[in-house]
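Please keep the sequence and the model in view while reading.

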Amino acid sequence: MKKEYLGKHVVLGKKIYPCSVSLAMDLVGGKWKTVILYHLKDEGKRFSEIRKELFSVTEMTLSIQLKQLEKDGLVSRKVYGEKPPIKVVYSLTNFGKSFIPVLEAITIWGNEIVAEKGKFVPAFTEQA
């Protein structure tokens, strides 16, 4: 018997999913969403800080993914100040924090893969 759901489908908002895994992947799937959540798990950060840590993501992609995570309730966006320069900080909501155990499991698994098949490097420098 499947434990993830009791009916034929699951619903969140106006979307219908075939199972709870599909729902979860809609919220955190893709190349960048989980990585963004990982980088926000310990503290809130400004856009430029996230961009610096995720050096290979484009500004447009990062902006779109942050907006989607905010729309889905995983990330909050807090604006400080009224006139430029304003400060905007992104952080995990309580709902986003509920994903931290999954992030930690993914981190452990990723570290095991690197230990077995790759290598850890002290710092990355982009090469032309």
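Two strands count as paired if DSSP finds at least two bridges between them. Strands (E, at least two residues) and helices (H or I, at least four) are DSSP runs numbered from the N terminus. The model is predicted, so local features need pLDDT of at least 70 and side-chain atom pairs count only at pLDDT 80 or more, while totals for chains, interfaces and linings use all residues. Residues are numbered from 1 along each chain as its sequence is written, and side-chain values use heavy atoms, with hydrogens and water left out.

Strands β4 and β5 pair in the antiparallel sense over six bridges. Val79 has Val88 in β5 as its bridge partner. Six residues lie between the strands of this hairpin, where Gly81 takes a positive phi near 95°.

| Element | Residues |
|---|---|
| β4 | residues 75-80 |
| β5 | residues 87-92 |

Helix α1 (residues 20-28) and α2 have axes, lines fitted to C-alpha atoms over the stretch in contact, that come within 8 Å. These axes cross at roughly 70°, with angles running from 0 to 180 degrees between N-to-C directions. The two helices, α1 and α2, are therefore roughly perpendicular (65 to 115 degrees). Asp26, Leu27 and Val28 in α1 meet Lys33, Thr34 and Leu37 in α2, contact being heavy atoms within 4.5 Å.

α2 (33-40) and α6 (100-117) each supply at least two residues of the lining of the largest pocket. α6 gives the most, with six residues.

Methods
Parallel < 35°, antiparallel > 145°, perpendicular 65-115°, else oblique.
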